[in-house]
Amino acid sequence: MLPKLLEFKKPNWIKLEKVTGIPYLDALECFKPVLLAETLARFHLATLKNDQCLCHIDNSPKNILFCQDKYYFIDFSDSKMDCPERDITHLLLFWAADFSAKFFLDSVTIFWAIYTSFIQLDKNRWNDCLQQNIAIFDQRRELYGKPTGKQSAAVQNSNRLYLSSIF
């Protein structure tokens, strides 16, 4: 799930293998929510302690690559220890912006079932993280002049509403 560490020199230099994947949302015909849920759950489980884990945080589609039937997480400049709900809600906001209502519902339902078979999530943390991430997500899109998403505002709002009622 991570590029292989090839070399490390103190104090702050690392060399990683090159992953020649594509941003995972650029090839929806290859999109595998089961595999992504398993990959992210295992990544979180590797450091999970007291409801905190290493969270990727920057789940922009360009930072999750699909290559040879695997997902790779890259760009950990924003990563930090936090609750898994922080990472998941941020990831799903990209889907809410770009997926049609049916594709979103189907993908989230599958992802949720698989991810929560590994890690149980907390409803209160989920709702808090979702609201905080919506504000951050929208603010960053405006600040950096990024597109608001492929779907209409009505579809995006409907998708976000589903996320708030997922429990």
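So, where is the place of R141? It's in helix α4. One caveat before I go on: this is a predicted model, so take the numbers as computed from that.

Let me stay on R141 for a minute. If you leave aside the neighbours within four places in sequence, R141 is in contact with F94, A97, K146, P147, T148 and G149. And for a sense of distance, go 17 residues along the chain to S158: the two C-alpha atoms are separated by 19 Å.

R141 also brings us to the largest pocket. There's about 490 Å³ of space in there. Nineteen is the count of lining residues, and the ones closest to the centre are S60, P61, F94, R141 and K146. Helices α2 and α4 each put at least two residues into the lining. What is the lining made of, nonpolar, polar or charged? It splits into nine charged, seven nonpolar and three polar residues.

Next, α2 itself. This helix runs over residues 84-98, so to speak 15 residues end to end. From its first C-alpha to its last it reaches 22 Å, close to the 21 Å expected at 1.5 Å a residue. How many of its residues are buried? The count is 15 of 15, so α2 is mostly covered.

That takes us to the largest nonpolar core. The core has 34 residues, and the members that touch the most others are Y24, L36, W95 and F111. Two or more residues come from each of α1, β5, β6, α2, α3 and α4. Which of them gives the most? That's α2, with eight residues.

Pick F111 out of that group. Which residues is F111 in contact with, leaving aside its neighbours within four places in sequence? The list is P33, L36, A37, L40, I88, L91, L92 and W95.

Several of those names turn up again when you look at α1. This helix has 13 residues and reaches 18 Å from first C-alpha to last, close to the expected 18 Å. Its buried residues are P33, L36, A37, T39, L40, A41, F43 and H44. What covers them includes β4, β5, β6, α2 and α3. For anyone looking at the spacing in that list, remember that an α-helix has 3.6 residues a turn, so residues three or four places apart point the same way.

Back to α4 for another residue, W126. W126 counts as buried because its relative accessible area is 0%. Not counting residues up to four places away in sequence, W126 touches E85, I88, T89, L92, W112, L121, L163, I166 and F167. L91 is 35 residues from W126 in sequence, and the two are 13 Å apart, C-alpha to C-alpha.

Most residues other than glycine have a negative phi. I57 sits in the loop between β4 and β5, while Q68 sits in the loop between β5 and β6. Buried or exposed, then, for I57? I57 is buried, because its relative accessibility is 12%. Q68, on the other hand, counts as exposed because its relative accessibility is 73%.

Last stop, the loops. K10 is in the one between β1 and β2, and K10 counts as exposed because its relative accessibility is 73%. K10 and Q151 are 141 residues apart along the chain, and their C-alpha atoms are separated by 45 Å. S152 is in the loop between α4 and α5. With a relative accessible area of 40%, S152 is partly exposed. Between S152 and Y24 there are 21 Å, C-alpha to C-alpha, and the pair is 128 residues apart in sequence.

That's my tour. Happy to go back to any of these spots.

Methods:
Residues numbered from 1 in each chain as written. Predicted model: local features only at pLDDT ≥ 70, side-chain atom pairs only at ≥ 80, totals over all residues. Heavy atoms only, no water. Helix = DSSP H or I, 4+ residues; strand = E, 2+ residues; numbered from the N terminus. Expected span 1.5 Å × (residues − 1). Buried < 20%, exposed > 50% of the residue type's maximum accessible area, 1.4 Å probe, protein only. Core = buried A, V, L, I, M, F, W, Y, C linked by side-chain atoms within 4.5 Å. Contact = heavy atoms within 4.5 Å. 1 Å grid on protein atoms, 1.4 Å probe; cavity = no way out; pocket = protein on both sides within 12 Å on 5 of 7 lines; lining within 4 Å. Points joined across faces, edges and corners; volume = space filled by probe spheres on them. Nonpolar A, V, L, I, M, F, W, Y, C, P; charged D, E, K, R; others polar.
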